[in-house]
Amino acid sequence: MTMLALQNVSKSFGALKVTDDVSFDVPEGQALGIIGPNGAGKSTLFNLITGNLSADEGGIHLQGRDVTRAPAMQRCIAGVGRSFQIPQPFTNLTVYENLVVAATFGRQRAEKDVMRQCAVILERTELIGRANQTAGSLSLLERKRLELARAMATHPKLLLLDEIAGGLTEGECHSLVETIKAIHAEGVTIIWIEHVLHALTSVVDRLLVLDFGRVIGIGDPDEIMNSREVKEIYLGIDI
Amino acid sequence: MIWVDTILQGILLGGLYALFAAGLSLVFGIMRLVNLAHGDLIVLGAYLILLLVTMTGLSPFLAAAIAIPLMFMLGYGLQKFMLNRVLGDDILPPLLVTFGLSVVLQNALLEGFSADSQRLPAGTLSTASVEVAGINLGVLPLLTFASAVLVIVGLNQLFYRTSLGRAFRATSDDATTASLMGIKPASIFAKATSIAMIIVTIAALYLGMRSNFDPNIGPARLIYAFEAVIIGGLGSLWGTLAGGIIIGVAQTVGAAINPEWQILAGHVAFLIVLLIRPRGLFPRAVD
């Protein structure tokens, strides 16, 4: 079963085509990594999938259901969860409340039904000690963990991670990767944009390369990393 | 003793201003919408209560209880069909629309009820008083103040103890991210404005029983409400009560010195607070 399918999706900002005829499928339970130089349109692609932006052309299907024109909140309820490249917690809410909001509205459940699950997620993402602090007081690593935790609280079938390992130390990165692996092991489909390649390749099943809004390669991570095109365009090495 | 009395009267008057301001503060806090028609909506509420009192002979309190659900629905419709359409990155369209609404409301009320000043019949309540430690306090001002405190406590409970309140705060922080968590900002905004209209109706009840009103007094109420919100610090509900009290006390103290100074003293107090604390007395920790 296909979790997410994009068919010929395009998006322009004025004359600039940031997403150019992008098509790909992500089977259920798979982890797909997306790489590409800065400005390649990676975050825009996420915005199109979550519904923050609407596609000019093409179609987006979630588990076979057409969501091309569905608003962001409906896609969230349908199972799309997302973490932001620059963490955007609700700074005036406590860490716990951040999760409760996501869980109650994202899953359409009553508060009492999600409290335990929120606590479990906080435990897993090592934020339990910060539960009653306001999210505005967290460090960068903690904010990134909160991004992940909050996305998890919506109980996503498809989890979009946007450069979640960026700016972290090696040790911090390692522990975050372990958490993501565990989430993936539970069957959550993951699409992960990342510049920290070793973190990415340790989790994903396939890699997609984006450049100037176009897909220039998709397939086995090793093959992609060793392909001539990727080395030329992404790594800037002239062969 | 006369000064203690003056200050107490000022504090109680502040309760009325806090009622004016609480609805404005709620709406601004959640959707960054400055509702320039807020004062006129209070006046509309007062006329609605008056109409119900005249038609049915009920007491103003019972009439207000009937007016509250009507104003609640009006608020929902107003937000859903008008204000949500103009909210966005640009702050000018909502300002223009609410300014226009203010003009329309004033003229509609003028057409419907004439420019004669009106008053809600409070009966014996308007003169009733209780003596506390040698000072006479009016029952009506005491009720007004108690209602203001109840409204603020109620709003705080709503904001910090309920799921809807959390959604209010999350949307206030970042509406785009909130929509990714399954929250529909447009519907949250409509609920917020509906709740604000409940407070507007309570404010209208006490305004109408305490003093005369006519279709043109809305903008002046808006100014008091604004000043109370700004003094308290945007987004702080208890700050709004404090802001109302500061304006109330400044007005009664000003009036005690010279009756002509009442209104001016309130505005001067506002300017002084702004000079010392430009972000108000209790600004939110993170903006």
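Helix α1 of chain B (residues 2–31) comprises 30 residues and spans 43 Å between its first and last C-alpha, close to the 44 Å expected at 1.5 Å a residue; the expected span is taken as 1.5 Å times one less than the number of residues. Helices (H or I, at least four residues) are DSSP runs, numbered from the N terminus. The structure is a predicted model, in which local features need pLDDT of at least 70 and side-chain atom pairs count only at pLDDT 80 or more, whereas totals for chains, interfaces and linings use all residues. Residues are numbered from 1 along each chain as its sequence is written, and chains are lettered from A and ligands numbered from 1 in the order in which they are written.

A kink of about 30 degrees in α1(B) is centred on B:Ala21, the bend at a residue being the angle between axes fitted to the seven residues ending there and the seven starting there. Of the 30 residues of α1(B), 22 are buried, and the helix is thus mostly covered (buried: 20 or more other C-beta atoms within 10 Å of the residue's own, with C-beta atoms placed from the backbone). Just after α1(B), a positive phi of about 50 degrees is found at B:Arg32.

Helix α8 of chain B (residues 185–210) packs against α1(B) at an angle of about 170 degrees, with the axes 8 Å apart. Axes are lines fitted to C-alpha atoms, for helices over the stretch in contact, and angles run from 0 to 180 degrees between N-to-C directions. The helices α1(B) and α8(B) are therefore roughly antiparallel (an angle over 145 degrees). Residues in this contact include B:Leu16, B:Phe20 and B:Gly23 of α1(B) and B:Phe189, B:Ala196 and B:Tyr206 of α8(B); contact requires C-beta atoms, placed from the backbone, within 7 Å. Helix α8(B) has 26 residues and reaches 37 Å from first to last C-alpha, close to the expected 38 Å. Because 22 of its 26 residues are buried, α8(B) is largely enclosed by the rest of the structure.

A second pair in chain B is formed by α5 (residues 139–161) and α10 (residues 237–257), which pack at about 165 degrees with their axes 9 Å apart. The helices α5(B) and α10(B) are therefore also roughly antiparallel to each other. Here B:Ala148, B:Ile152, B:Leu155 and B:Asn156 of α5(B) meet B:Leu237, B:Trp238 and B:Leu241 of α10(B).

Between the chains, the contact takes 22 residues from chain A and 18 residues from chain B. On the chain A side, α2 (72–78) and α3 (95–106) each supply at least two residues, and α3(A) gives the most, with seven residues.

Notes:
Buried ≥ 20, exposed ≤ 12 C-beta atoms within 10 Å, placed from the backbone. Parallel < 35°, antiparallel > 145°, perpendicular 65-115°, else oblique. Contact = placed C-beta atoms within 7 Å.
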